[in-house]
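Dear colleague,

Please find below the sequence and structure that I am handing over to you. A summary of the findings follows.

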Amino acid sequence: MTEPEDTTASEESLFHHYTGNDIPWYVRAIWILFWAFAIFYAIRWALPMIPIEMESPP
C-alpha cells in the first residue's frame with residue numbers, strides 16, 4: 001500500500017475547478033409556462049371546486 005502524499009490545500013485544489021451548469025433559456029421558459037398554467041388551473045378550476053367537493057364527495 002502506498003502512503004498518502006502530504007500536500008497542502010492549495011496544491012490539492014490546483015486541478016479541481018468546480019463550476020455549475022447554466023440552465024438554457026428555453027428550459028426556464030418551459031418552467032415559467034408550467035407554473036403559470038398551474039396557478040391559472042388552481043385559481044380557475046381547483047379552488048372553486050373545494051366547497052362543492054366538501055359538501056358532496058364523489
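How many helices and how many strands does the chain have? The model, which is predicted, has 2 helices and 0 strands. Helix 1 covers residues 9-12, and helix 2 covers residues 25-55.

The overall form may be considered next. Along the principal axes, its C-alpha atoms fill a box of roughly 75 × 30 × 20 Å.

What share of the 58 residues is buried? Buried residues make up 0% of the chain.

One is a patch of negative charge, in which E5, D6, E11 and E12 gather. Of these residues, E11 is found in helix 1. E11 counts as partly exposed because its relative accessibility is 47%, which lies between the limits of 20% for buried and 50% for exposed.

The other patch is nonpolar and consists of W31, F34, W35, I39, I43, L47, I50 and M54. Together these residues have about 930 Å² of accessible area. I39, one of them, lies in helix 2. With a relative accessible area of 49%, I39 is therefore partly exposed.

Yours sincerely,
A colleague

How values were computed
Residues numbered from 1 in each chain as written. Predicted model: local features only at pLDDT ≥ 70, side-chain atom pairs only at ≥ 80, totals over all residues. Heavy atoms only, no water. Helix = DSSP H or I, 4+ residues; strand = E, 2+ residues; numbered from the N terminus. Buried < 20%, exposed > 50% of the residue type's maximum accessible area, 1.4 Å probe, protein only. Patch = residues over 30% accessible without salt bridge, like charges linked within 9 Å, V, L, I, M, F, W, Y side chains within 5 Å. Areas by Shrake-Rupley, 256 points an atom, 1.4 Å probe, with all protein chains shown as cover. Salt bridge = Lys/Arg side-chain N within 4 Å of Asp/Glu carboxyl O. Lys, Arg positive; Asp, Glu negative; His and termini not counted. Charge placed at Lys NZ, Arg CZ, Asp CG, Glu CD.
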